[in-house]
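Hi,

Here is the model for you to look over. My notes follow below it.

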Amino acid sequence: MSKQGEIEYLENLGSEGKVHAFNKPFSDADCSRYLIDLGFIMTLLPSSPCRLLDLGVGTGWTSVFLAKRGYRVTGVDISPQMIALAEKNRERYEAENLNFLVSDFEGLTFDREFDCAVFYDSLHHAIDGPKALNSVYKALKPGGVCITLEPGAGHSRTQDSRRAIEEFDITEKDMHPEKVIALAEKTGFKTARIFHFSFLPTEIRNKTGPYRVVKDKIRQVFRIARTPGDYTRALSERNLVLMKK
Ligand SMILES: C[S@@+](CC[C@H](N)C(=O)[O-])C[C@H]1O[C@@H](n2cnc3c(N)ncnc32)[C@H](O)[C@@H]1O
């Protein structure tokens, strides 16, 4: 697992992989989940316009969406090739208020400049998690928020992760909420809250069939993990943590 592996990943993917990466989220079978994930992140972010630091952006699709929504976005990735495609995405979607930087999120030099920061599917690629969170903490204004949306326990042992580690020498870690909360505490964030959500639609049914809505059965799709059951689920599934400086 090395930073060099992350830097060379796109090159090693080959032409088909590059086209797929460039066209994310639309090119991916999990497109609906990606869009829902970003929707959840948006519900928890401070309102636009404000300055947002997007960390480990890959080809930049989250940055483009967030900039289109009115955030003033700086997107960061360690891979120059990823950032080259992110720049192309910025141009083709005519996104304003958006700049990209080739930079290691474990050693950023921003100082109290951003209102919010997002790690989407990227903190689990950090070699040094505490360093990554520290540099983001420094980049945030007092009261700023950092959102992580990361895969949970067991991610590093999936077949895909093991293959990526072996074949591309990239980093794949578990990044369950307990781990993120521990990092947040160590870094000095004042609060950290875990949010669990399902990206599968819940059909509302009653005894006679699916079409009549039963009022008290309507569930909030997204809620704070309150019960032990929610918490156990949140550990193993994708999860979102919101921390406040
Ligand atoms: C799984 S990809 C996710 C990309 C993007 N967030 C998305 O959803 O398409 C993880 C990204 O993190 C980047 N990355 C890994 N380590 C990094 C580091 N130390 N600093 C900045 N970016 C890093 C990789 O280059 C890669 O683009």
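**Ligand shell**

Helix α3 (61-68) and strand β2 (72-77) each give at least two residues to the shell around the ligand. Helices (H or I, at least four residues) and strands (E, at least two) are DSSP runs, numbered from the N terminus. The ligand is surrounded by 20 residues, and the closest are Gly 56, Gly 58, Ile 78, Phe 105 and His 125. Near means a C-beta atom, placed from the backbone, within 6 Å. The shell splits into eight nonpolar, six polar and six charged residues. Ala, Val, Leu, Ile, Met, Phe, Trp, Tyr, Cys and Pro count as nonpolar, Asp, Glu, Lys and Arg as charged, and the others, Gly among them, as polar.

This is a predicted model: local features need pLDDT of at least 70, side-chain atom pairs count only at pLDDT 80 or more, and totals for chains, interfaces and linings use all residues. Residues are numbered from 1 along each chain as its sequence is written.

Beyond four places in sequence, Leu 53 is in contact (C-beta atoms, placed from the backbone, within 7 Å) with residues including Phe 114, Ala 117 and Val 136.

**Ala 184**

Ala 184 sits in helix α7 (residues 177-187). Ala 184 counts as buried because it has 24 C-beta neighbours inside 10 Å; the cut-off is 20 or more other C-beta atoms within 10 Å.

Definitions and conventions:
Two residues are in contact if their C-beta atoms, placed from the backbone, lie within 7 Å. A residue is buried if 20 or more other C-beta atoms lie within 10 Å of its own, exposed if 12 or fewer, and partly exposed in between; C-beta atoms are placed from the backbone.
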